[in-house]
There are 2 protein chains.
Amino acid sequence: MKPTKIVNSVFSNFLLNGKDVLQCKCFPEWLPEERILEQKILDIIRDNFEKYGFSPIETSAVEKTAMLIAKGSNDREIYTLGRLSNYSGDNDQNLALHFDLTVPLARYVAQNYSLLNFPFRRYQIQKVWRGERPQSGRYREFYQCDIDVVGDKDLPLLVDAEMPSVIYQIFKQMNIGKFMIGVNNRKILQGYFSFYGLTNHCINEAMHAIDKLEKVGVDKTRETMAEKGIGADIIDGIINFAGINKPINEIMEYLRSCKIDNELFLQGVDELEQVIGHMATLGIPQDSYKVNLGIVRGLDYYTGTIYETTLVDYPEIGSICSGGRYDNLTSFFGDKKMPGVGISIGLTRLFSQLLKTGILKTGPATVAPVLVTSMDKSLMSYYFKIATLLRNSGIKTEVFFDSKRIGDQLKYASKKGFKFAIIAGNDEVNNDGVQVKNLETGEQRFSGLDDICAEVR
Amino acid sequence: MKPTKIVNSVFSNFLLNGKDVLQCKCFPEWLPEERILEQKILDIIRDNFEKYGFSPIETSAVEKTAMLIAKGSNDREIYTLGRLSNYSGDNDQNLALHFDLTVPLARYVAQNYSLLNFPFRRYQIQKVWRGERPQSGRYREFYQCDIDVVGDKDLPLLVDAEMPSVIYQIFKQMNIGKFMIGVNNRKILQGYFSFYGLTNHCINEAMHAIDKLEKVGVDKTRETMAEKGIGADIIDGIINFAGINKPINEIMEYLRSCKIDNELFLQGVDELEQVIGHMATLGIPQDSYKVNLGIVRGLDYYTGTIYETTLVDYPEIGSICSGGRYDNLTSFFGDKKMPGVGISIGLTRLFSQLLKTGILKTGPATVAPVLVTSMDKSLMSYYFKIATLLRNSGIKTEVFFDSKRIGDQLKYASKKGFKFAIIAGNDEVNNDGVQVKNLETGEQRFSGLDDICAEVR
């Protein structure tokens with residue numbers, strides 16, 4: 001968690017009434033060079049969401065607490081809003097910060113139903129808040145980047161196949177190494193358990209146990225399931241079943257032939273087969289996805305297709321993008337059936353892991369490649385003219401305004417990571433040009449005004 | 001405030017335990033077509049911030065309450081964080097949501113002092129929260145778009161002149177009509193009052209009264225100031241002074257000649273003259289700014305140059321971008337002197353006003369110009385190939401997956417605002433092409449695969 005290297009040589013007064021006012025480490029913040037990188041990734045995500053025709057919305061960070069409690073998976077993580085004790089106004093509503101973007105989506109869709117076009121395709125990139133217990137890599141404030149398609153009454157399985165296509169494009173472009181999109185269908189596991197006679201309650205428990213299989217290991221999972229009263233042979237069966245690691249066609253063949261005569265199971269297999277078929281039709285590269293029967297997804301509202309994406313060389317990072325299909329997004333608000341499919345990237349955690357593992361490395365602390373230095377204050381209008389010239393041709397440019405020696409200005413430029421420094425004194429001005437110094441090579445040469453933009457490109 | 005036209009024909013259950021769970025209207029949300037427009041403006045702002053070499057940072061939405069109270073101008077507006085009553089964990093810290101981006105900036109700079117490059121140029125585009133009394137156009141959650149330059153020890157007045165240059169570029173590009181950047185220096189008014197023998201406390205009261213002059217009118221201002229014990233002649237003098245509306249050189253001449261022998265006043269005039277001079281040097285168009293001696297800015301932490309920007313044809317909207325110079329950003333954390341200059345755009349309020357007045361009009365509810373329809377499910381891979389072709393050449397494209405008649409698909413396309421619909425049946429596939437329907441003109445013609453991208457551009 002950053003920033004870590006706090007040196008308070010000049011600031012000592014971080015205490016107020018004995019309480020420190022430094023930022024809490026569960027609420028991450030980045031240095032400029034880190035934020036620039038995070039912003040690049042956010043841009044890639046947004047760009048791909050839009051490329052596939054998802055429209056942006058934002059919902060308020062604040063929802064009525066009653067709704068969040070009713071839909072939340074963990075009340076204890078909800079941050080409610082309050083006022084200071086000296087507040088005497090109307091205590092408006094019972095409000096709280098949203099903990100995900102799916103519950104607000106449901107409320108937004110129900111609230112604006114008559115104003116939206118269905119299937120409703122939206123993306124949402126926003127911070128969410130969860131008061132989780134602080135632990136490595138878990139934050140209390142983080143970015144979620146979501147897309148969902150919500151249908152009015154029905155939604156074809158082609159949409160389930162489009163999601164992995166978007167996931168594929170995003171992670172390919174992020175250039176963070178080989179990744180694998182795991183696909184499954186919840187009905188398969190549910191039907192499997194049902195076939196073996198487990199009660200509904202017991203099925204949920206078993207699903208949660210399988211969900212944690214990879215994290216806690218086979219022994220612990222076996223133990224947990226046994227405690228729930230599930231028979232040893234069923235446990236063995238499901239652990240083998242969830243762990244099958246074979247090419248897609250072999251898994252599908254196995255599912256077709258394993259003689260589990262349960263309607264839900266067969267429906268799940270059928271849906272999975274269709275989704276996999278559509279994924280091929282949509283041209284998603286075969287080596288970027290697989291069927292993984294062990295994928296459960298913790299949230300109970302998924303009802304069909306489910307996804308989890310992992311980095312092949314860094315399985316310890318866990319799922320970097322997940323989601324699935326839910327039968328009825330808006331059931332909370334009425335009888336209307338609105339199925340949806342969505343995925344979510346928990347970006348803050350992913351980003352911090354990418355930095356920590358060194359998969360991503362920070363670059364300059366500036367978005368601008370060019371610094372126009374100011375050697376001679378009387379030439380300021382010339383410097384600003386150069387900057388305007390560069391900016392107008394799309395080159396981000398900072399002008400150095402402080403009265404410092406040119407050596408110090410160049411030091412600042414190097415430290416901050418500029419690629420070029422522009423230097424001009426009376427000689428250059430008289431010759432209608434500047435010195436362009438390449439800060440990476442140290443090379444410096446004269447450039448006429450007309451050529452500056454070409455020179456720094 | 002939107003959404004307004006709620007028609008709950010199918011959703012009636014917005015009540016839970018007798019409480020409605022609809023979004024509170026003080027926390028604004030936009031329909032997709034509105035959000036697309038807001039996003040465009042946010043992009044213009046960010047683009048210009050970066051063009052001038054400002055680096056992005058984000059601070060956590062959450063700060064220690066103690067710091068916000070100490071730095072806040074209005075405690076009653078602070079939203080604190082709490083937990084539900086069934087929460088039994090550690091009550092971590094006393095946390096609250098930030099109400100602006102300047103206080104967090106001060107904390108961030110002090111906290112990361114040794115890791116930052118000075119002058120520190122940063123931009124920050126984030127939501128902030130203020131529990132204000134609901135009134136027209138005031139929101140409890142809104143975007144602030146800030147840039148600040150923070151110096152280590154000192155910061156040249158050239159920076160004060162650079163700010164209006166950024167403001168100018170942003171509002172020119174937004175294309176929202178004629179705007180005027182008003183510039184003033186706080187020291188002038190303060191010195192003026194001091195010269196006339198007002199005490200420091202009384203000066204503050206008088207400044208606040210002048211700040212509200214335009215809003216409440218001359219009579220009310222006169223009354224307020226008289227109540228504070230300020231003499232009638234001083235009141236008349238200051239109201240005239242603050243209202244001077246003349247060309248810059250005449251105002252400067254007047255300031256030089258008005259014989260107010262007060263050090264602060266003369267320093268303010270001197271600074272203002274330098275800043276105005278630099279603004280000309282930096283090439284900001286003369287008709288886009290003026291000196292307005294009536295600008296005060298409510299916040300007491302400004303100490304020098306101050307700005308307010310207004311739309312010439314819509315003065316009722318008030319200031320759309322304001323800011324100024326403060327002597328010591330980080331005084332709270334130690335003795336180190338860190339002067340800064342910054343501006344802030346309160347985007348949410350501005351955006352809602354631009355919509356309301358019709359200065360901005362919403363467009364399509366999709367970011368994609370092209371919809372690939374799906375007439376024949378067996379040709380799905382062809383449709384997706386077309387979409388990939390378009391996307392790869394940078395054209396945002398949605399594929400319609402639902403099994404609906406082509407007429408309904410085109411209706412969806414028109415309603416959502418697509419510019420082109422791509423239609424293909426076996427005929428088109430056999431001829432390696434598609435029909436491209438221009439939804440604005442109704443025109444439709446065959447295009448070969450190689451020409452599609454050119455056709456829809």
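Start by selecting A:Glu58 and B:Arg35: these two form a salt bridge, with their closest N and O atoms 3.2 Å apart. A salt bridge here is a side-chain nitrogen of Lys or Arg within 4 Å of a carboxyl oxygen of Asp or Glu. Between chain A and chain B the count is 12 salt bridges.

You are looking at a predicted model, where local features need pLDDT of at least 70, side-chain atom pairs count only at pLDDT 80 or more, and totals for chains, interfaces and linings use all residues. Residues are numbered from 1 along each chain as its sequence is written, chains are lettered from A and ligands numbered from 1 in the order in which they are written, and side-chain values use heavy atoms, leaving out hydrogens and water.

Now show both chains. Here 120 residues of chain A are in contact (heavy atoms within 4.5 Å) with 120 residues of chain B.

Next, pick strand 5 (residues 79-83) in each chain. The two strands run antiparallel and are joined by 5 bridges; strands are DSSP runs (E, at least two residues), numbered from the N terminus, and two of them pair if DSSP finds at least two bridges between them. Find A:Gly82, which stands opposite B:Thr80.

Last stop: B:Thr397, in strand 15 (residues 397-399) of chain B.

Technical notes. Helix = DSSP H or I, 4+ residues; strand = E, 2+ residues; numbered from the N terminus.
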